[in-house]
Amino acid sequence: MHTTTTRTLAVAAALTLGFTLASCSTSNSSSETGSSSSSTSAASAHNDQDVMFAQMMLPHHKQAVEMSDMLLAKGSGVDTDVTDLAKQIKAEQSPEINQLTTWLKGWDEPTESEHSGMGHSMSGMMSDSDMDDLDQASAKDAAKLYLEQMIQHHKGAVDMAKTEVTKGKNTDAVAMAKSIVSSQTEQITQMQDMLASL
């Protein structure tokens with residue numbers, strides 16, 4: 001019994017030391033309270049900003065995938081550079097949709113909230129009318145319309161991601177936000193160049 005207690009205390013001490021070391025290595029913000037933010041734990045340290053970021057980025061990404069599907073459904077009449085970009089956006093954002101959903105479930109938060117309920121009023125989101133225009137556009141017109149809409153859509157996502165980078169606590173969510181800022185800012189420039197050449 002004495003041996004078991006000693007072993008338990010030793011394990012507890014080792015875990016405490018491990019968490020303390022992890023906390024020191026991840027404390028890169030004054031808002032950190034010393035809690036370890038571990039990517040292996042679904043309930044890892046997070047704040048309200050992380051929750052809002054995930055709840056708002058989720059419908060935002062879903063709409064980008066829906067827009068890309070609409071464009072790709074137009075077939076071979078669409079500029080190939082634009083269809084390649086639509087495929088790239090789907091490939092990047094679909095796994096992020098799964099990750100955002102996983103985080104919210106792990107944090108015991110709903111995947112929808114009053115924020116995502118704002119729907120089309122969210123930064124960069126297309127209205128029902130915008131989506132209908134894209135859906136009904138000819139293959140020739142769809143490429144231009146898709147680029148115009150997606151530039152606006154990406155700008156909204158970049159703004160939301162920048163807020164997460166400065167105010168978020170969860171290291172994985174902040175890392176995704178930084179990735180979104182980088183990749184989508186690059187794609188905005190790419191799309192502006194495409195628009196100019198159409």
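Analyst: To begin with a term, helices (H or I, at least four residues) and strands (E, at least two) are DSSP runs, numbered from the N terminus. The model is predicted, and local features need pLDDT of at least 70, side-chain atom pairs count only at pLDDT 80 or more, while totals for chains, interfaces and linings use all residues. Residues are numbered from 1 along each chain as its sequence is written, and side-chain values use heavy atoms, with hydrogens and water left out.

User: How many helices and strands are there in the protein chain?

Analyst: The protein chain has six helices and zero strands, so that its elements read α-α-α-α-α-α from the N terminus on.

User: And what percentage of the residues is buried?

Analyst: Of the 198 residues in the protein chain, 39% are buried, where buried means under 20% relative accessible area, exposed means over 50% and partly exposed lies in between (1.4 Å probe, protein chains only). The chain exposes about 10500 Å², of which carbon and sulfur atoms supply 54%; these accessible areas come from the Shrake-Rupley method with a 1.4 Å probe, and for residues only the protein chains shown count as cover.

User: What about contacts between residues at least 6 apart in sequence?

Analyst: Taking a contact as heavy atoms within 4.5 Å, 77% of the contacts between residues at least 6 apart in sequence join residues at least 24 apart.

User: Let's turn to charges. How many salt bridges does a search of the whole structure find?

Analyst: The search finds two salt bridges, each defined as a side-chain nitrogen of Lys or Arg within 4 Å of a carboxyl oxygen of Asp or Glu. In one of them Asp69 pairs with Lys90, with 2.6 Å between the closest N and O atoms. Because Asp69 lies in helix α2 and Lys90 in helix α3, this pair ties together parts that are 21 residues apart in sequence. Asp69 is partly exposed at 35% relative accessible area, and Lys90 is partly exposed at 26%.

User: Which residue does Glu148 meet in a salt bridge?

Analyst: Glu148 meets Lys144, with an N to O distance of 2.7 Å. The two residues are four apart in helix α5 (residues 139–167), which means that about one helical turn separates them. Glu148 counts as partly exposed at 36% relative accessibility, and Lys144 is partly exposed as well, at 43%.

User: Which residues gather in the patch of negative charge on the surface?

Analyst: That patch is formed by Glu66, Asp128, Asp132, Asp133 and Asp135. Patches are made of residues with over 30% relative accessible area and no salt bridge, with like charges joined within 9 Å and nonpolar side chains (Val, Leu, Ile, Met, Phe, Trp, Tyr) within 5 Å. Lys and Arg count as positive and Asp and Glu as negative, while His and the chain ends are not counted, and the place of a charge is taken as NZ of Lys, CZ of Arg, CG of Asp or CD of Glu. Helix α4 (residues 128–136) gives the most to the patch, with four residues.

User: Where is Leu147, and what is in contact with Leu147?

Analyst: Leu147 is also placed in helix α5 and is buried at 0% relative accessibility. Beyond its neighbours within four places in sequence, Leu147 is in contact with Val82, Leu85, Met191, Met194, Leu195 and Leu198. Leu147 and Ala86 are 61 residues apart in sequence, and their C-alpha atoms are 9.5 Å apart in space.

User: Last one, what is the phi of Asp108?

Analyst: Phi of Asp108 is near 60 degrees, a positive value in a residue other than glycine. Asp108 sits in the loop between α3 (80–106) and α4 and is exposed, with a relative accessible area of 71%.
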